[in-house]
Amino acid sequence: MFPILRQAAVYWTAMASFRTQRERCKRYTYGDQWHDRICVDGQWMREEDYIRQQGNEPLKNNLIRRLVRNVIGLYRQQEQGARGMGQEARTLEEFLISGLAVLRKSWGTRRGVTGCWTDIVAPGSFFVDNLARDPRGWDLSCIGELHDMPFAVLCRHFASSPDDVRRLQRVYNVADYDDRLAEVYDAFGQQSPATDFFRARGNLCRVVEVWRLEQEQRYRCHDTATGELFQVTADDYPSVVLRENERRINMARRHGKKKREVALIRAQWFMAEQWHYYFLSPFGDVLRQGVSPYADGGHPYVFKAYPFIDGEIHSFVADLIDQQRYTNRLITLYDWIMRSSAKGVLLVPEESIPDGYSLADIADEWARFNGVIAVRTRNGAQMPQQVAMNATNVGIKDLLQTQLDFFEDISGVAGVLQGKREGNSNNASLFAYQTNNATLSLLDILETFRAFIDEAALKERRLYEQFGKG
């Protein structure tokens, strides 16, 4: 099965640029906005490290996160009362960040409950045929994901006897598996994404789930004697169709009938397509395989990529990163100007320092409430004076406001969607009209996500129709 594993590895590797972009969008969404690497005098370093080398502090004002929350809030408001809103909201958040949402629908028993289960699939572990171009996913030939699990969980899914456990121990080179802790070195909530197709994180066990649309030669058959319609594979055609027709012809001859009077099975050759699944180890061992168990003959995944024009994925957040970066630069620059400008600097000419005073004494007395400094004026001596610079009116405030306006224009999350009333009018109908107009720019991405949710609901209904009758 190594050719199938290699094919899956090729498809997963082909999505490397998408995973890199997703990680960057995720960092910016959750506040890690100075992580990009830059080259300074031939040395690569993170932007925040370079800024600190210059003696500054890399500041940020996370506007992306607020806009993402506003879009999710708008979706929740429009879908009030819908079942499973918590799961949908998190999937929508992923959709806004990465441009790809993936769910896996399956029938089984978990925690003593039998039914249809929905798993949110991390796009970083997901792969799909890189030749797919149809936004509906109708032209797929391969789809799957990477699973990392402790050995005990691996045995629960793929072992049905002690011999199976021993086989899995050999495959994964595990000496013992009871109460074995996964050595994941990442901090909780900060797990690193998968970077190697063949290697799991820590000492977890990697399982590669692959669903392939495979072709095989078949015959469409029509039994003219009974009217039955059925299909047989090319391997079964001689024993099922040819042999039966030969038997009918021989029987008819014994009764004095001609061949043209015999009701035979008519067959037509064609190439059939059917989904097959494979659960493989990173070494090519088959843990489980078979033909799709679903009535529609499909795979268990529902995914939606946006916009998927020519197979490309572009997320909502990716469009905002440049504006977020420029906003952060302006804030950091403003902070640097204010810190580096003169603020109450005391200029003390040396010839005006009174006898018995030091500069420290003058500075202490100058800053003290009701402080008194005895000064004996001398010919031409200047009095101490305080210098302060106004560093606020340098145009940065206007630039920041421009960036905030750009954020609303590019994202489509206008002020009214954030609860702000435009103008001084308190007219409720006007506010509702402004809100409706503001949602037009978000209509496409929200309707795309709703179509994805409807497709997932349809797959779930089919599973209940197929397996829930018993």
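## Terms and ground rules

Contact here means heavy atoms within 4.5 Å. Helices (H or I, at least four residues) and strands (E, at least two) are DSSP runs, numbered from the N terminus. What you're looking at is a predicted model, where local features need pLDDT of at least 70 and side-chain atom pairs count only at pLDDT 80 or more, while totals for chains, interfaces and linings use all residues. Residues are numbered from 1 along each chain as its sequence is written, and side-chain values use heavy atoms, with hydrogens and water left out.

## The whole chain

Let's start with the overall picture. The chain has 13 helices and 15 strands. Of its 470 residues, 40% are buried; that word means under 20% relative accessible area, with exposed over 50% and partly exposed in between (1.4 Å probe, protein chains only). Take the contacts with a separation of 6 or more: 67% of them come from residues 24 or more positions apart.

Strands of a sheet pair through backbone hydrogen bonds, either parallel or antiparallel. Two strands count as paired if DSSP finds at least two bridges between them. Here three strands make an open sheet in the order 4-3-11, with antiparallel pairing. Strand 4 and strand 11 stand at the edges with a single partner strand each, so one side of each has no neighbour in the sheet. On average, neighbouring strands of this sheet are turned by 15 degrees against each other, direction ignored.

Strand 3 (residues 100–110) pairs with strand 4 (residues 113–120) over eight bridges. Along that pairing, Gly-108 has Gly-115 as its bridge partner, and Arg-104 stands opposite Asp-119. The hairpin of strand 3 and strand 4 has two residues between the strands, and Arg-111 takes a positive phi there, near 55 degrees. Strand 3 also pairs with strand 11 (residues 301–305), over five bridges, and there Val-102 stands opposite Phe-303.

## Helices against their neighbours

Helix 5 (residues 85–98) lies across strand 3, strand 4 and strand 11, and runs at about 145 degrees to strand 3. For such angles, axes are lines fitted to C-alpha atoms, for helices over the stretch in contact, and the angles run from 0 to 180 degrees between N-to-C directions.

Elsewhere, helix 4 (residues 63–78) packs against helix 13 (residues 440–467) at an angle of about 60 degrees, with the axes 12 Å apart. That makes helix 4 oblique to helix 13; angles under 35 degrees count as roughly parallel, over 145 as roughly antiparallel, 65 to 115 as roughly perpendicular and the rest as oblique. From helix 4, Val-71, Leu-74, Tyr-75 and Gln-78 meet Leu-442, Leu-446, Phe-449, Arg-450 and Ile-453 of helix 13. The residues of this contact divide into seven nonpolar, one polar and one charged. In that grouping, Ala, Val, Leu, Ile, Met, Phe, Trp, Tyr, Cys and Pro are nonpolar, Asp, Glu, Lys and Arg are charged, and the others, Gly among them, are polar.

Most residues other than glycine have a negative phi, and most peptide bonds are trans. Asp-41 has a positive phi near 55 degrees. Asp-41 sits in the loop between strand 1 (37–40) and strand 2 (43–46), and is exposed, with a relative accessible area of 80%.

The peptide bond from Tyr-306 to Pro-307 is cis, with omega near -10 degrees. Phe-308 is in strand 12 too, and its phi is positive, near 65 degrees. Phe-308 counts as buried, at 8% relative accessibility.
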